[in-house]
Amino acid sequence: YKENDSVNRKVFLTGGLGYIGSHTAVSLIEAGYSVVIYDNFSNSKKEVIDRIELITGFRVPFIEGDVRDTVYLEKSLKKHEVDSVIHLAGLKSVGESFSKPIKYYDNNVVGTVSLLKAMNGAQVRTMVFSSSATIYGVPKYLPLGEDHPTCAINPYGRSKLQTEEILFDLAVAGIQAEQLPWCIASLRYFNPVGAHSSGLIGENPNGIPTNLMPYVGRVASGVLPKLNIFGGDYDTQDGTGVRDYIHIVDLAEGHKAALGFLAKHSGAHAFNLGTGVGYSVLEVIEAYERASGQSVPYEIVSRRTGDVAACYANPSKANKELGWRALLTLEDMCASAWNFQSNQ
Ligand code: WQD
């Protein structure tokens, strides 16, 4: 769509100080992109700016702001003359979304509409959106392709699905109105884990982690006594839940590949970012013990409400159309997670 693929070189990262944002910023900077970070610190720390500088040698321009502040957002987009946005700012706890649905719809859906208005005003029409495999609901078949029926089964998942639908409608409207067309990629993350090899950035949730990998890290380091495995009677090879874990660095590279794709394609497109391989909780524990040299005591308890037995991707569309493939192994994921955990 756009002749010269050097466009999309100045990227605005909403939520860029978070786990996915900081790794994406590093990948982009190392590939020669210039990056601006916009973040409200709701789930991140300002010191991440220093960590990104330590890794890349660049001090990223940073703006403290909320995506729901449309006026400030438009001013920021114009001031930095960006040509694309990677939208990572959002709330992501399935459990919390059941008890606080308004907070999730306000941040995730209203926040994205606010960002789209600001982008429109600033004439920025390229967006990579942080979506999730949660929108597929209970898998009807595996592996999951992008054409698998969507059926979000929690407010968090519904907020992501609704946002994808808004983005698809926008892309169609843009083409019909013969305006500057929108170029949109919704990236459906499977289970991002691990950390940058430097050990300087990684997943460090406030409070008790709800996701498996950070919880395992705190058991391995003795901060927590044992892991509770939620269910040992699923219809999987060892009875525990199976997921498609993807190294955060592979995920970050997927965002860079999506920008390259959007430099040449308009319209709205969805891509699964996964490895295509599923591992059970017990397999993750074994890999983590091998990688860390630490033991991870566990107890099998009852299932967690809302969990599915197994979920893993068919990543062939992203492999082909984005020219991207997950390369790092479960061993790499556990070793890098342990390296980051040991630095805490
Ligand atoms: C993985 C496996 C659990 C914790 C969630 C969101 C998803 C995405 C990634 C945002 C499951 C088991 C976990 C524990 C356990 N987030 N487990 N004990 O639920 O696959 O996906 O995070 O986009 O949207 O739904 O990830 O890490 O919570 O669980 O046994 O203490 O580990 O049952 O089988 P999940 P998870």
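Reader: Where in the chain is Pro 143 found?

Author: In this predicted model, Pro 143 belongs to the loop between β5 (126-132) and α6 (155-176).

Reader: What makes the peptide bond from Leu 142 to Pro 143 cis?

Author: Its omega is near -5°, and the bond is cis. Most peptide bonds are trans.

Reader: Why is Glu 81 called exposed?

Author: Exposed requires over 50% relative accessible area. Glu 81 has 66%, so it counts as exposed.

Reader: How do you know that Gln 123 is exposed?

Author: By the cut-off of over 50%, the value of 51% for Gln 123 puts this residue in the exposed class. Gln 123 is in the loop between α5 (101-121) and β5, and its phi, near 55°, is also a positive value in a residue other than glycine.

Reader: Why is Thr 14 called buried?

Author: Buried means under 20% relative accessible area. Thr 14 has 0%, so it is buried. This residue lies in strand β1 (residues 10-14). Leaving aside neighbours within four places in sequence, it is in contact with several residues, among them Tyr 38, Val 67 and Leu 115.

Reader: What does the side chain of Thr 14 reach?

Author: It reaches the backbone nitrogen of Leu 88 at 3.0 Å and the backbone nitrogen of Ala 89 at 3.2 Å. The cut-off for a polar contact is 3.5 Å, so both pairs are within it.

Reader: Why does Asn 272 count as buried?

Author: Its relative accessibility is 0%, against a limit of under 20%, so Asn 272 is buried. Asn 272 is part of strand β11 (residues 267-273). A polar atom of its side chain lies 3.4 Å from the backbone oxygen of Asn 314. Its contacts, apart from neighbours within four places in sequence, include Tyr 136, Arg 188, Phe 190 and Trp 324.

Reader: How many disulfides does a search of the whole structure find?

Author: The search finds 0. Cys 311 is in no disulfide, and the nearest cysteine sulfur, that of Cys 151, is 13 Å away. A disulfide needs two cysteine sulfur atoms within 2.5 Å.

Reader: What makes Cys 311 buried?

Author: Cys 311 has a relative accessible area of 10%, which is under 20%, so it is buried. Cys 334, at 0%, is buried by that cut-off.

Reader: Which residues come nearest to the ligand?

Author: Of the 19 residues around the ligand, the nearest are Thr 134, Tyr 156, Leu 212, Arg 243 and Asp 307. By class, the shell has 8 nonpolar, 7 polar and 4 charged residues. Strand β8 (residues 227-230) gives the most to this shell, with 4 residues.

Methods:
Residues numbered from 1 in each chain as written. Predicted model: local features only at pLDDT ≥ 70, side-chain atom pairs only at ≥ 80, totals over all residues. Heavy atoms only, no water. Near = heavy atom within 4 Å. Helix = DSSP H or I, 4+ residues; strand = E, 2+ residues; numbered from the N terminus. Nonpolar A, V, L, I, M, F, W, Y, C, P; charged D, E, K, R; others polar. Buried < 20%, exposed > 50% of the residue type's maximum accessible area, 1.4 Å probe, protein only. Polar contact = N/O pair within 3.5 Å; in protein donor to acceptor, adjacent residues only side chain to side chain. Contact = heavy atoms within 4.5 Å.
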